[in-house]
Amino acid sequence: LVLVVDFGAQYAQLIARRVREARVYSEIVPHTMPVADMLARRPKAIILSGGPSSVYAEGAPGLDPTLLTAGLPVFGMCYGFQLMARGLGGEVAPTGAREYGRTEVRVDDPGTLLADVPAEHRVWMSHGDSVVAAPEGFSVLASTDVTPVAAFEDLTRRLAGVQWHPEVMHTEHGQQVLEHFLHDIAGCRQTWTMLNIVEEQVEAIRAQVGEGRAICALSGGVDSAVAAAIVQRAIGDRLTCVYVDHGMMRLGETDQVRRDFEEVFDELDVVDAADQFVDALAGVTEPEEKRKIIGREFIRTFEAAQARVFADLVPTSGEGETAYLVQGTLYPDVVESGGGAGTSTIKSHHNVGGLPDDLTFALVEPLRVLFKDEVRAVGEQLGLPSTMVWRQPFPGPGLGIRIIGEVTRERLDLLRQADAIAREELTRAGLDRDIWQMPVVLLADVHSVGVQGDGRTYGHPVVIRPVTSEDAMTADWARLPFDVLERISTRITNEVEAVNRVVLDVTSKPPGTIEWE
Ligand code: XMP
């Protein structure tokens, strides 16, 4: 285990990933964690992340110097590098010249940290202060035009640092430098693989759940599927998976999802609630109201499933019986909500029909330590179908928020046809992995005049919204080739009778969101 001490969340997650890419397991801890607690985790090395501030700024996060003298290997990056320099008696000063972005660095003496790195190369910097004198015992390895000490190491104490950000993509040889620290200076063994995480989690879940039982709501997406698959490995058929078919999936999707799930999960409860959802949405046009209704119906359906699964669990006196709820929470969500180890226990709501009042639910979250692409890798390790592992994101409320206006069965059918054509053409053009998502939106309350055959038509427009993105937080409209757009447009207007116009959404996010509602 390598602990990444977070002095400003911007880069810490990326560092943790890069460490794992070097096949060493790592986790992030906040800089406010007492050193004793960090040492209690028995890390093999410590990495000090970058941070937003100058070490001299008021309220700048500090470093307990005992972390540097605990005998553990420590690597400082950017702000972490300066904290290290200052904490060990070096000198950090505002040089007046700031370096932001791409910077040329000169390797003066490669040492171990910069071995085999080109003498001049480009790195990503972001700092105002500079280390002007290295602490005693350190050799200075590199410099830039404005920074006399841009990298240093002390092999005896196994301490090293760089002024730049080796973790970002724009830094050349960043991974190489990080690996020199981890493998050659700190002596971390390269044992981390996706298989380890599965085995570790399986063990942990067995210990946590014991002879208890668990339930998991599957959405159709990759996170809940992988989480459930890991838990099933641990406790077998004492896990029940619930898939709620809300009737707003795309053409053929429910069948695909059902087939995939049936293949993977032993105890699968498929609840056909399509009528219940569509009826509940009757007459509703306001997007937030639609979302609330869909959320409410989902909870109702899932609670009914829970009541069935746990019906015979009788609460014991006092603590109550424990039932487990599996969730596909990812590491970024954990960090965002303030971190915290272990599992939290949530009290079951009183409106959980049929469940004893003092039954408690404990969370099982096997993906708490993983990033999205790691989840996909674990999914492949577990042999899950690739349709499951590589599914593009699809919103929980489904087509319900892609019909602008009231959701009806007829409109859902219309949209399903148009959407199927658009997806088919995208796949045929080989663009599935280049495009993050391509919602097709039915403007159900809008009509436009057209001419089809010899007659006037008065049909609906559909909008196609292909976007590129890395995390859905921001997105750009995808420049689909005109001939692909043309095929989509021609086919939809020919094959879907009630649609006589196809419109392309050319809005980035922000200001537009990816979905229309
Ligand atoms: P927006 O429209 O906010 O969407 O740009 C960002 C990403 O989130 C997906 N999305 C949802 N996913 N439940 C989900 O599971 C939802 O209610 C939901 N709403 C939007 C959307 O498809 C995009 O990938």
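Trainee: What do the buried residues of α3 pack against?
Mentor: They pack against β3 (45-48), β4 (74-77), β5 (91-107), β6 (120-133) and β9 (159-162). Keep in mind that this is a predicted model.

Trainee: Which residues of α3 are the buried ones?
Mentor: Tyr-79, Gly-80, Phe-81, Gln-82, Leu-83, Met-84, Ala-85 and Gly-87. That is eight of the nine residues of the helix, which spans 79-87, so the rest of the structure largely encloses it.

Trainee: And what follows α3?
Mentor: Gly-89 follows α3, and its phi is positive, near 95°.

Trainee: Changing topic to β1. How many of its residues are buried?
Mentor: Five of five, over residues 2-6, so the strand is mostly covered. Val-2, Val-4 and Asp-6 point one way, while Leu-3 and Val-5 point the other way. Both sets are buried.

Trainee: Which strands does β1 pair with, then?
Mentor: One is β3, joined to β1 by four bridges and running parallel to it. In that pairing, Val-5 is opposite Leu-48. Another is β2 (residues 26-30), also in the parallel sense, over five bridges. There Val-4 is opposite Ile-28.

Trainee: There's a UniProt "binding site" annotation too. Which residues does it cover?
Mentor: According to the unreviewed UniProt entry, it covers Ser-219, Gly-220, Gly-221, Val-222, Asp-223, Ser-224 and Ala-225.

Trainee: Take Ser-219. Where is it found?
Mentor: Ser-219 is in the loop between β10 (213-218) and α6 (222-235). It has 18 other C-beta atoms within 10 Å, and therefore counts as partly exposed. Leaving out residues up to four places away in sequence, Ser-219 touches Ser-224 and Gly-396.

Trainee: And Ala-225, buried or exposed?
Mentor: Buried, because Ala-225 has 29 C-beta neighbours inside 10 Å, and the cut-off for buried is 20 or more. Ala-225 is in helix α6. With residues up to four places away in sequence left out, Ala-225 touches Leu-218, Leu-384 and Met-388.

Trainee: Last one: which residues are around the ligand?
Mentor: Pro-393, Pro-395, Gly-396, Pro-397, Gln-437, Ala-472, Lys-509, Thr-513, Ile-514 and Glu-515. Gly-396 is in that list, and Ser-219 touches Gly-396.

Trainee: How many of that shell are nonpolar, polar and charged?
Mentor: Five are nonpolar, three are polar and two are charged.

Definitions and conventions: Residues numbered from 1 in each chain as written. Predicted model: local features only at pLDDT ≥ 70, side-chain atom pairs only at ≥ 80, totals over all residues. Buried ≥ 20, exposed ≤ 12 C-beta atoms within 10 Å, placed from the backbone. Helix = DSSP H or I, 4+ residues; strand = E, 2+ residues; numbered from the N terminus. Contact = placed C-beta atoms within 7 Å. Near = placed C-beta within 6 Å. Nonpolar A, V, L, I, M, F, W, Y, C, P; charged D, E, K, R; others polar. UniProt positions renumbered as here; feature names shortened; annotations may be inferred. Pairing = 2+ DSSP bridges.
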